[in-house]
Amino acid sequence: MKPTLTLLSALFLTSLLPLTAAELKVASVLGDHMVLQRDKPVAVWGWADVGESVTVSFAGQSKSATADAGGKWSLKLDAIAASAEPRVLLATGKDGRKVEVKDVLVGEVWLGSGQSNMAMTVARCYHFDVEKAAAKFPLMRHYRESSGPSEKPQAEGKGAWQSCTPDTVGGYSAALYFFGREIHREVGVPVGLINTSVGGTQIESWVAGEVQTSDPETKSNYDTRLDTFLKFDPAQALALHQKQLATWKTASEKAKANGTPFVVPAPNDPLAMYKLKGGPAGLFNGKVVNLVPYTLRGMIWYQGEGNAGSSAGLYHKQLTQLVTSWRTLWQDELPFAWVQLPNYTSPGEGWPRVRESMLKTLALPKTGMAITIDLGDAKDIHPKNKQDVGKRLSWWALGTVYGKNVPAISGPLPAGSTINSNAISVSFKHANGGLKSIKGSALTGFQIAGADQQWKHAEAKIVGETVVISSEEVAQPVAVRYAWKDWSDYSLANGAGLPASPFRTDDWPAVKK
């Protein structure tokens, strides 16, 4: 299932739409106010006339490259130490042509991607007035990739870097900002955050078509989604949207007349969403490829809501494809973390199964997960507490990537289970100071079942770094589940206060209702 370097290299080298080099230029992500990654060779690239020699000078060193038959040139500067000094990166070509990139810092660079909860801005979070006033971090920078989807990989994108001030922070990705703020405070170097995300998208949009079609199961899913995209009928979609909008308006007016809250969002315009999201692999082509090979420290992913439907069981394989293929494309086994879906009211087992897929994908090396089951909102798919999301991601990064002493890099994760007569014992890693009840009372959220697959509420007791689960209604248990619902009861945490991941010990198919 792991994409080969040959496959992705072929994609990158042969499928990119060439640019006509009317002028010497650098890639759009290499712009004023950027942050370059410290302590690693730094990639710099752009376009010029075919055969033109281009020299890049920065931080006391100069490197040269020659534009290839497509007009692209690329080189790597030697590793550079962190620096808060604003400097100019200079690219020079023939006949005195030059490009200056100003106010360049060197520090830590992280890329964030996903759907609306990654795109969600600081302005939409809790306590924005307080956060805005405090956002005086001139050494933090944010790049928003603003290109659209594409049927083919695009060599160049659109976007701009911004310094962090009270006037700009409202437009930052909240999850990235609160993560990066902690990195900046604790590591003490400039921080660059690259945000390439689009609301309402599914993971299929973010993985190369060649990767998705390399596996029979994901190929079938890809082919189905591509067929649906190609058969999209604007007139039919608009007619349906108008009916849905009329129904929504009626319900809204009725709630207003009755003086009752109405939090259901208006139906999305299908034509706008069609253009915004594109088909499968469309956002990978339009919003990811053009960022390669920008030198990074790591990556953050916040997505999954869009895949919590009928294909939720495929998400483990898809997330694995995304992580491994992006690492292959960057030719670097980058640290990679994601946000596990929080509590939310959504019928069926889709949300629990996506959470489980995220848990399973931690089998990949250098990966982490922020468990957020306690940070959800029953009626809002965009919970406003992104401060704790960012902090939990930062604890993982600080503890594993930067070697800092943190309270915990994760909430408790199941490490194995054993059946002992009428009870099942589940052991945990990342207990960090001992397992405990979040509420200070008896553990809740556990279920237990026998071979009949009938789930019963269970009693759970903490014994060291193990939880023992049993029920008087199940004499011979075979499986346990914890927090296995869309909006689930939860209670287990570690000594650092981080909640345990939802899990199950069975592999039974979803119950059809």
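First, the ground rules. This is a predicted model, where local features need pLDDT of at least 70, side-chain atom pairs count only at pLDDT 80 or more, and totals for chains, interfaces and linings use all residues. Residues are numbered from 1 along each chain as its sequence is written, and side-chain values use heavy atoms, with hydrogens and water left out.

Let's start with the sheet. It is open, has three strands in the order β1-β3-β6, and pairs antiparallel. Strands here are DSSP runs of E, at least two residues; helices are runs of H or I, at least four; both are numbered from the N terminus. Pairing requires at least two DSSP bridges between two strands. β1 is joined by two bridges to β3, residues 42-47, and the two run antiparallel. Across that pair, Val26 stands opposite Gly46 of β3.

Now the helices. Take α4 (residues 174-187) and α12 (residues 386-400). Their axes come within 7 Å and cross at roughly 45°. The axes are lines fitted to C-alpha atoms over the stretch in contact, with angles from 0 to 180 degrees between N-to-C directions. So α4 and α12 are oblique to each other. For the classes: under 35 degrees is roughly parallel, over 145 roughly antiparallel, 65 to 115 roughly perpendicular, and the rest oblique. The α4 and α12 crossing is right-handed, meaning the near helix is turned clockwise from the far one by less than a right angle.

Who touches whom? Contact is heavy atoms within 4.5 Å. From α4 we have, among them, Phe178, Phe179 and Ile183; α12 brings residues including Val389, Leu393 and Leu398. The contact residues split into ten nonpolar, three polar and four charged. Nonpolar covers Ala, Val, Leu, Ile, Met, Phe, Trp, Tyr, Cys and Pro; charged covers Asp, Glu, Lys and Arg; the others, Gly among them, are polar.

The angle is about 45°, with axes 8 Å apart. That makes α10 oblique to α11. This crossing is right-handed. Tyr315, His316 and Leu319 of α10 meet Val354, Ser357, Met358 and Lys360 of α11. That is four nonpolar, two polar and one charged.

Last, salt bridges. The structure holds 29, each a side-chain nitrogen of Lys or Arg within 4 Å of a carboxyl oxygen of Asp or Glu. One pairs Arg181 with Glu131, closest N and O atoms 2.8 Å apart. Arg181 is in α4 and Glu131 in α3 (residues 128-134), so the pair ties together parts 50 residues apart in sequence.
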